[in-house]
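Dear colleague,

Please find below the structure that I am handing over to you. My notes on it follow directly after.

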Amino acid sequence: MDLLYLDPSAPLYPARLRAIPDPPERLWVRGDPHALASTSVAIVGSRRASPGSLDLAHRLASDLARIGLTIVSGLARGCDGAAHRGALDAGGTTIAVLGSGPDVIYPAEHDALAEQIVSRGAILSEFPPGAPPLPHHFRQRNRLISGLAHGVIVIEANDKSGSLITAGCALAQGREVMVVPGTVLAGRNRGGHQLIRDGAALVENAEDVLAVLVSAVPGLRASEASESPRGGAAAPLGAEGTEPPEDTVLAALDPDDPQDFDQIARRCGVSAQPLLARLADLELSGQIARHPGGRFVRCSGKVIT
């Protein structure tokens, strides 16, 4: 097992964690440490989530991962596991923050999922190898889930949910807090609905999330939420909704220089939702390839128009 140790002086120690009020004095990483610096959003929620909430966590993570956002969660049962799987199923990158040592997977049934995460992202812990999954470890690690991300999405949280701790950490760290509303029956969403009353953003899909993240993530634009229909197809590239004569997205990419989503958006001047659609088309046609960490390269030196 390849294991990387980082302290705050290490170049690969994530800058966003270095800036939180109580940064970890040490980190152990399995997988790609560069993923820790990628543009990311956390998805957290109930360990005993309803089937509908599990499907939503998976679908939302998939949609955001296809844009190039890294999905951060805690590898727990329920919404956490669904979010990790959604990112992986979309060919994206995901980070699992553990409440145990980096070599101690909890719950044990997520061992295979953890190996997939290592191959396409990273597992992160501030607890040394062999550390058990103690209850207070999970409360402590929640600040790292929010600290790594630009924003936190809460799905199905009751009024005693650990997800509320993560949301509280996010607020203290200056991160965006978003909540997917749900049924009022059985109190499953009472905690999340209280977050909305307290000012958290109500989100229903990836477009809503992008609109909230505009102020936190360079390269995202406020106009994208209104440019594309809710739940529908992405708007085409170019002003006035027409395809540009030259493919500016493909032209912005290089075979030898992997670019993340933010870099591509800045280079080609295309807003996030249309850029998502074009990257997906180019990847499906084999003209570009996705590298670990949500970075893209052109597959040849020729720009196809």
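At roughly what angle do the axes of helix 2 and helix 8 cross? The axes of helix 2 and helix 8 (residues 206–213) cross at roughly 55 degrees and come within 9 Å; axes are lines fitted to C-alpha atoms, for helices over the stretch in contact, with angles from 0 to 180 degrees between N-to-C directions. Leu60, Asp63, Leu64 and Ile67 of helix 2 make the contact with Ala206, Val209 and Leu210 of helix 8 (contact means heavy atoms within 4.5 Å).

This is a predicted model, in which local features need pLDDT of at least 70 and side-chain atom pairs count only at pLDDT 80 or more, while totals for chains, interfaces and linings use all residues. Residues are numbered from 1 along each chain as its sequence is written, and side-chain values use heavy atoms, leaving out hydrogens and water.

Helices (H or I, at least four residues) and strands (E, at least two) are DSSP runs, numbered from the N terminus. Nine strands form an open sheet of mixed pairing, in the order 1-2-6-5-4-3-7-8-9; two strands pair if DSSP finds at least two bridges between them. Strand 1 (4–6) and strand 9 (201–202) each have a single partner strand, so one side of each lacks a neighbour in the sheet. Strand 5 (residues 94–97) and strand 6 (residues 121–125) pair in the parallel sense over four bridges, and threonine 94 stands opposite glycine 121.

Yours sincerely
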